[in-house]
Amino acid sequence: MDNLEALQNAWPRLLDGIVITLQLTLGGGALAFAVAVTFGLMALHGSVWVRGAARTLIEFFRGTSLLVQLFWLFYVLPLLGVTLEPAVTGILALGLNYGAYGAEVVRGSINAVPKGQWEVSTALSLRPVHRMRRIIWPQAWAIMIPSLTNLLIMLLKGTAVANVILLHDLTYVTEQLRRATGDTFFSYGVSMIIYFLIACVLVLGANAIEARAKHKLGRGPSLREVLRLRPAPVAAKGVA
Amino acid sequence: MMGEVWSWERAIDVLPVLLEAFLKVTLVATVVGSIIAAILGLVVAIVRRSAPAFIAKPVHWVMQFIRMTPLVVQLLFVYYALPSTVPRLWIGIGVLGVHYASYMAEVYRAGIESIPKGQWEAATALSMSPTRTWRKVVIPQALRATIPALGTWVISMFKDTPFLMVIFIVEMVSRAQSYGSQVFAYTEAFTIAGLIFLAASYPTSILVRRLEDRLAY
């Protein structure tokens, strides 16, 4: 009972923590996606210089640990005359780090689109931009969603270190709750369940996006069919 | 001293400090953590496949939960839940191992599922015991397909070792931070720490990619 009371008292602060965690996750995720698409496409560019630049950046941000990047942006950047808000620093580090991983996913997925599709687009004399936007990307997109979802979940879990740059995220508030209640199991149990639920919502959202992407390619039921409560027709079963 | 952003003097001064923390903590945690993860992951994958549902299902749920919640929170949870007499590094390595076992179990599962059904049937037809089937038929083949993916996770664990600082383990990055706060200059310490990570993980990832190409059927 004491715990529930403590939870009730701590709830507003817990909510603040959840908001910070969500900000970092969604902000970092959006930046990571932009970075992933940019570097991923650059890594496939015809020019050796562009490819080389992309590869260097990708390997750099993948190879140096997230925490090093976070600290570097937090402690070293101000020395170079750039001072960022802690939240911006967090989003930047998460976005660059996981974006570099995402770039490999984007590159791999575009490469996984069957060769014939490229040849056909060339045969139809589509311009390169047109070919990418209308033919290759929609197919690659359907391939890359599951891996990008995994990365988004990794990013969500990565936000839990935000406290090292003085952000009061969910993990930080959890620690406050533990100190207030003296109950490790309760406070960290609550926090892990919240993280788990956030992750589940993200996965559900990503599954919906994947269903939509596949439906647009003519593979599988539409999102409306997936989400309706009536049992799906038998034909759709094999796809799911 | 404060005026310059980069000083080679400090860089040379901090390098041995970081290398020491790297060898004594970061590398030890990665190696021991990987061994725990590789063994536990395999056990979980086998249990999920061959144990009765009332064991396999809960094991699956627990691993799923571990996979979907942050390593940092798990570290803090176990650290505060255990008596303070347990050495921190052990806790850190244990949690790291269990967390990554949840990823590796998925890799093994995919590897085991890639074994053609005929292999299982042949083992049954030869009246091999289940243990023998696993040890002599399934695992050797599954392992071949999984080694590169396991390698990728080991590299990932290596880069996650700085998370150990949340339970006050002094690994390389927290050593860099404390050095920085002593001399009021962080540039050299963090830059070199990052470069050490890069120098260790980039060649390993190339090795893993080569391995992948060579082991591919």
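How many helices and how many strands make up the secondary structure of chain B? In this predicted model, chain B comes to eight helices and zero strands, and reading along the sequence gives the pattern α-α-α-α-α-α-α-α. The model as a whole scores ipTM 0.89 and pTM 0.90.

**Confidence in chain B**
- The mean pLDDT of chain B is 92, with 98% of its residues at 70 or more.
- Within chain B, confidence is highest in helix α3 (residues 71-81), at a mean of 96, and lowest in helix α6 (residues 130-160), where the mean is 90.

**Overall form of chain B**
- Taken along the principal axes, the C-alpha atoms of chain B fill a box of roughly 75 × 45 × 25 Å, and 40% of the 217 residues of the chain count as buried.
- When contacts in chain B between residues at least 6 apart in sequence are considered, 80% of them join residues at least 24 apart.

**Helix α4 of chain B**
- Helix α4 (residues 88-113) of chain B has 26 residues and reaches 37 Å from its first C-alpha to its last, which is close to the 38 Å expected at 1.5 Å a residue.
- A bend of about 30° occurs in α4(B) at B:Ser102.

**Contact with chain A**
- The contact between the chains takes 28 residues from chain B and 29 residues from chain A.
- On the side of chain B that touches chain A, at least two residues each are supplied by α2 (53-68), α3, α7 (172-183) and α8 (187-215) of chain B, and the largest share, eight residues, comes from α8(B).
- By residue type, that side of chain B divides into 21 nonpolar, six polar and one charged.

Definitions and conventions:
Residues are numbered from 1 along each chain as its sequence is written. Chains are lettered from A and ligands numbered from 1 in the order in which they are written. This is a predicted model: local features need pLDDT of at least 70, side-chain atom pairs count only at pLDDT 80 or more; totals for chains, interfaces and linings use all residues. pLDDT is the predictor's confidence in each residue, from 0 to 100. Helices (H or I, at least four residues) and strands (E, at least two) are DSSP runs, numbered from the N terminus. Two residues are in contact if their C-beta atoms, placed from the backbone, lie within 7 Å. Ala, Val, Leu, Ile, Met, Phe, Trp, Tyr, Cys and Pro count as nonpolar, Asp, Glu, Lys and Arg as charged, and the others, Gly among them, as polar. The expected span of a helix is 1.5 Å times one less than its number of residues. The bend at a residue is the angle between axes fitted to the seven residues ending there and the seven starting there. A residue is buried if 20 or more other C-beta atoms lie within 10 Å of its own, exposed if 12 or fewer, and partly exposed in between; C-beta atoms are placed from the backbone.
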